[in-house]
Amino acid sequence: MSKRILVTGGFGFIGGHLLELLLRDRGVHVHVVDNLSTSPIPLEVLLLELGQPPNLSYDICTIEDFCRNQARTAEYEEIYHLASPVGPAGILKLAGRMIKTIVDDAYLLMDLAMRSHAKLLDISTSEVYGGGQNGYCSENLPKIVPAKTTVRLEYAIGKLAAETAIINTCQVTSLKASIARPFNVSGPRQSGQGGFVLPRFVSLAMSQKPLTIFGDGQQVRAFTHVKDISDGIVKVMQRGQNGEAYNLGNPQSKISIIDMAKRVVGLIDSHSRIDFVDPKTIYGPLYEEANDKYPDADKAMNELGWNPTQGIDSTIRETYEYMARATPEIFMRLSGEALVDQASQRGQTPIG
Ligand SMILES: NC(=O)c1ccc[n+]([C@@H]2O[C@H](COP(=O)([O-])OP(=O)(O)OC[C@H]3O[C@@H](n4cnc5c(N)ncnc54)[C@H](O)[C@@H]3O)[C@@H](O)[C@H]2O)c1
């Protein structure tokens, strides 16, 4: 009998890489539930890239529909919960409804996990730290709620509320669960549509357009390769303590946005200049730029044996190489900008 694994949001950016990792084991059967609302590339293209694995099945629907209908009789041993509103710009359209969506979905999956006797892995976010201590985010630090009520905060509070509910449910029921908190995940297949910075910078540099920096560019991030994050997620599932949360971010990749922009331009050998803009002029008045944030990853490294192996340059290079191979339609989806013309001029071949 194959080990049965459920992945929510499996056709998203991180989900696609997690599937690649899980499906290497022919002894597992992976079922995905995804409504394709923010999947970065079309499903048929992703399935081609994954090699049409025979041990993969899926339902295209919301978590709510899945848990209320299809999942009634299903049994899983592991549940990876990735589906969520996501992205600094992508979340804006869900203002006012986001906490409910995130928390409701967490309860549905806790219920399914308990009925299945499955371990639940909840993907949270580094945003739960607010600004941490001048950007430094460790699991031991308090989660500070600032005196404001932005949409970005609604996302962070929803994720923290879901985490807290899951951890406390582990204390008082048979639920087995762990939490992963990724930091600025980047790499091939990420889309700039939700406002993510690296695919935006890479596509602008490829088309020789100015890279648009939000604010003064001194914001600090720790961009972590999606393959390292996927490896960390599997380790949290396999080795994470019940009711514990683990940062997943590469402290070695700490960099300011302005330095990241210069790195992108240099590595791609682009002639793009760098401009400074107010992001509200692009995404509207609800947009908020994140505080500095970089991880203390000692807990995942020491307790789980997690070791991120990719640096910033390889993350930029692989993001670029993937976009350079993309069809014009996919390039446009990934860039978050209407750059079909440039892609056409490059005469690209399809990915897959
Ligand atoms: N990308 C990052 O830098 C980052 C950082 C920290 C945390 N995360 C978390 O990682 C997870 C995955 O993020 P991602 O970057 O891969 O985003 P993504 O948008 O590429 O993937 C999310 C997937 O979930 C699906 N989905 C969304 N809502 C759904 C619903 N209600 N029912 C069914 N499917 C639904 C979408 O169609 C998409 O395929 C999210 O929980 C996100 O909060 C991401």
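A cavity is here a set of grid points where a 1.4 Å probe fits but cannot get out, and lining residues have an atom within 4 Å of a point. The model under study is predicted.

**Exercise 1.** State how many cavities of 30 Å³ or more the model contains, and give the volume of the largest cavity.

*Solution.* Step 2: for the largest cavity, the volume is about 140 Å³.

**Exercise 2.** Describe the lining of the largest cavity by residue, class and domain.

*Solution.* Step 1: the lining consists of 13 residues, and those nearest the centre of the cavity are Glu127, Gly130, Lys148, Arg152 and Asn291. Step 2: sorted by class, this lining holds six charged, four nonpolar and three polar residues. Step 3: domain 1 (3-184 + 225-250) and domain 2 (185-222 + 252-294 + 309-340) each supply at least three residues to the lining of the largest cavity.

**Exercise 3.** Carry out the corresponding description for the second largest cavity, and identify which element gives the most to its lining.

*Solution.* Step 1: the second largest cavity has a volume of about 80 Å³. Step 2: it is lined by 13 residues, with His81, Ala83, Ile102, Asp122 and Lys159 closest to its centre. Step 3: two or more lining residues come from each of α4 (98-116), β5 (119-123) and α5 (151-172). Step 4: α4 gives the most, namely four residues. Step 5: by class, the lining of the second largest cavity comprises six nonpolar, four polar and three charged residues.

Note on methods
Residues numbered from 1 in each chain as written. Predicted model: local features only at pLDDT ≥ 70, side-chain atom pairs only at ≥ 80, totals over all residues. Heavy atoms only, no water. 1 Å grid on protein atoms, 1.4 Å probe; cavity = no way out; pocket = protein on both sides within 12 Å on 5 of 7 lines; lining within 4 Å. Points joined across faces, edges and corners; volume = space filled by probe spheres on them. Nonpolar A, V, L, I, M, F, W, Y, C, P; charged D, E, K, R; others polar. Domains from an automatic or database assignment.
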